[in-house]
Amino acid sequence: MFKRVFMLGMFLLAGIYMVGCGRGKTSITLAGSTAFQPFAEKLAEQFMDKNPNVNVTVQGGGSAVGIQSASSGAAQIGMADLVTLPEEAKGLTSTVVAKDGIAIVVNPKNKINNLTTDQARDIFNGKIVNWKEVGGDDVPITVVSREAGSGTRTSFEQILTNITLKKDALIQDSNGTIRETVANDVNSVGYLSHGLINEKIKAIKIDDVECTSEMIIAGQYKLVRPIFLLVKGEMVGEVKNFIDYILSVEGQKTIKDNGLLPAK
Amino acid sequence: MKLVGEKGVQRILMITALSAISSLLLIALFIFSEGLPFIFNYGVGNFLLANEWDPSTGHFGIFPMIMSSVWVTLGAMVVGAPLGIAGAIFLSEYASPIIMKIVKPTIELLAAIPSVVYGFIGVMVLAPIIRNNLGGPGLSLLAGCIILGIMILPTVISISIDSILAVPRSYREGSLALGATTWQTTHMVTIKAARSGIVASIILGLGRAIGETMAVIMVAGNSVNIPNSALDSVRTLTANIALEMSYATGMHREALFATGVILFIIIMILNSIASVAIRNRNAKK
């Protein structure tokens, strides 16, 4: 008796799953960059509205995971937000779908408005330790950085070049906590994705170029990283359709409206 | 028709009980199988005693993290243990039973506050106070010690109270009958008799402090650094795992599991000491 009820239940469950999935539905999985993840989710939603026979799943994990899962086949599309792709990604087809500026931010009470690339590098290396050395008040600099492995940190260090982060820099594990730390500490300096700047922090000019969408698109602002979508082998079928959709006028508009910059 | 008989109930209960133990075993097995090979490949000495942690260049020395964990935990003890023990003595020996009935559950409620809330208070209130009055970045070893010291209070107080109340009344009566005051009785007789329980409470608090992650990540600043002063920012073993796990692959990921192995061993040792201390208390009765 017990067994029969159990079996019946299993059949019912299996039935529900089959109906739920729908027959012949193609599914695409994206994994990787947490910076691009929210955008990918939004784009996936829009794409699925137009193509009800495709199911797009978006997972995070970071750029390293994106590259890894695209090469292993765990995900059809890997997302990575690095300036230069590492060796492991050489065999993958990469497409730049968006760009993201990295802003160097300080507390609004800090009177510094501009740093040169060299000054920024020296601050993060620990060679400049007091704001007065770059024209500010006589107070120590608190450097705030991201954790090792973060795409933002890797890009930041690759663009500024020759950075060995000073030992006593504070480490925060997201753009949001960097923003909070800088907003709370008058002496601090950090960096984050330019889409996340708000009135609690102040983005400073780098080599006299302001961190704005216009300057980034014009190619004037230096700290910019591309966001790659990585596919193993040739792009075919729905994977190609999805990436084409992201690059379409509509897809790029979604990216722009939500704080990233279009690829072209 | 009965679905399950006496035997069945027994079996179901046994399976439930075993599932708790087997999940512990599985966790231990998983951590060790992921972490131990790395420790031996990289070298025990290199891993435990090297100062440099830089995964991008392949340096995995966790000595600064071990030292930071030790300092944060000791600091939490300095803050939490005297407060906790004094509170327990007051509640069990001096306070009226009504106050005890109100205060003890309230203190135990502290344990139910999620650690992220402690961390938030640390970031918003404590760190600015430290930064403005003592200097440094505010997010520091000192902030970690104070927050953790408060977090371990419920553990220290409730176990200490239990062990002080477990001291037989006759001990106290004997002492009082000899003309000793309440304080003399408390510190010369009651506390001495309850000593092993109080020690156990401190060690369990220690275990809690060393294992705490979220609050420490939020208030301690997380730089990989052997602290020179209480105002320096530090990263504990737990914070290291939680901070970097989401991005780690390959060697880096194994190194984090290896960090977990070290943490697991430390906590196992602490808990064993605590359970021996508690057993001693029970044996004395």
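Biologist: How many residues of chain B are in contact with chain A?
Modeller: In this predicted model, 22 residues of chain B are in contact with 27 residues of chain A. Together the two chains bury about 1,900 Å², and 56% of that is on carbon and sulfur atoms.

Biologist: Why is the pair R131(B) and D185(A) called a salt bridge?
Modeller: Their closest N and O atoms are 3.6 Å apart. The cut-off is 4 Å between a side-chain nitrogen of Lys or Arg and a carboxyl oxygen of Asp or Glu, so the pair R131(B) and D185(A) qualifies.

Biologist: Which elements give two or more residues to the side of chain B that touches chain A?
Modeller: Those are α5 (115-134) and α12 (237-244) of chain B. α5(B) gives the most, with three residues. That side of chain B divides into 10 nonpolar, eight polar and four charged residues.

Biologist: And polar contacts between the chains, how many residue pairs?
Modeller: Four residue pairs, both partners at pLDDT 80 or more.

Biologist: Now the largest pocket: how much space lies in it?
Modeller: About 1,000 Å³. The lining has 41 residues, and the closest to the centre are A148(A), G149(A), D54(B), P55(B) and S56(B).

Biologist: Which elements supply at least two residues of the lining each?
Modeller: α3 (63-72) and α5 (151-160) of chain A, along with β1 (53-54) and α13 (250-284) of chain B.

Methods. Residues are numbered from 1 along each chain as its sequence is written. Chains are lettered from A and ligands numbered from 1 in the order in which they are written. This is a predicted model: local features need pLDDT of at least 70, side-chain atom pairs count only at pLDDT 80 or more; totals for chains, interfaces and linings use all residues. Side-chain values use heavy atoms; hydrogens and water are left out. Contact means heavy atoms within 4.5 Å. Buried area is the accessible area (1.4 Å probe) that two parts lose on being put together, summed over both. A polar contact is a pair of N or O atoms within 3.5 Å; within protein, one must be able to donate a hydrogen and the other to accept it, and residues adjacent in sequence count only if both atoms are side-chain atoms. Helices (H or I, at least four residues) and strands (E, at least two) are DSSP runs, numbered from the N terminus. Ala, Val, Leu, Ile, Met, Phe, Trp, Tyr, Cys and Pro count as nonpolar, Asp, Glu, Lys and Arg as charged, and the others, Gly among them, as polar. On a 1 Å grid over the protein atoms alone, a cavity is a set of points where a 1.4 Å probe fits but cannot get out, and a pocket is an open set with protein on both sides within 12 Å along at least five of seven lines; lining residues have an atom within 4 Å of a point. Grid points are joined across faces, edges and corners, and a volume is the space filled by probe spheres set on the points.
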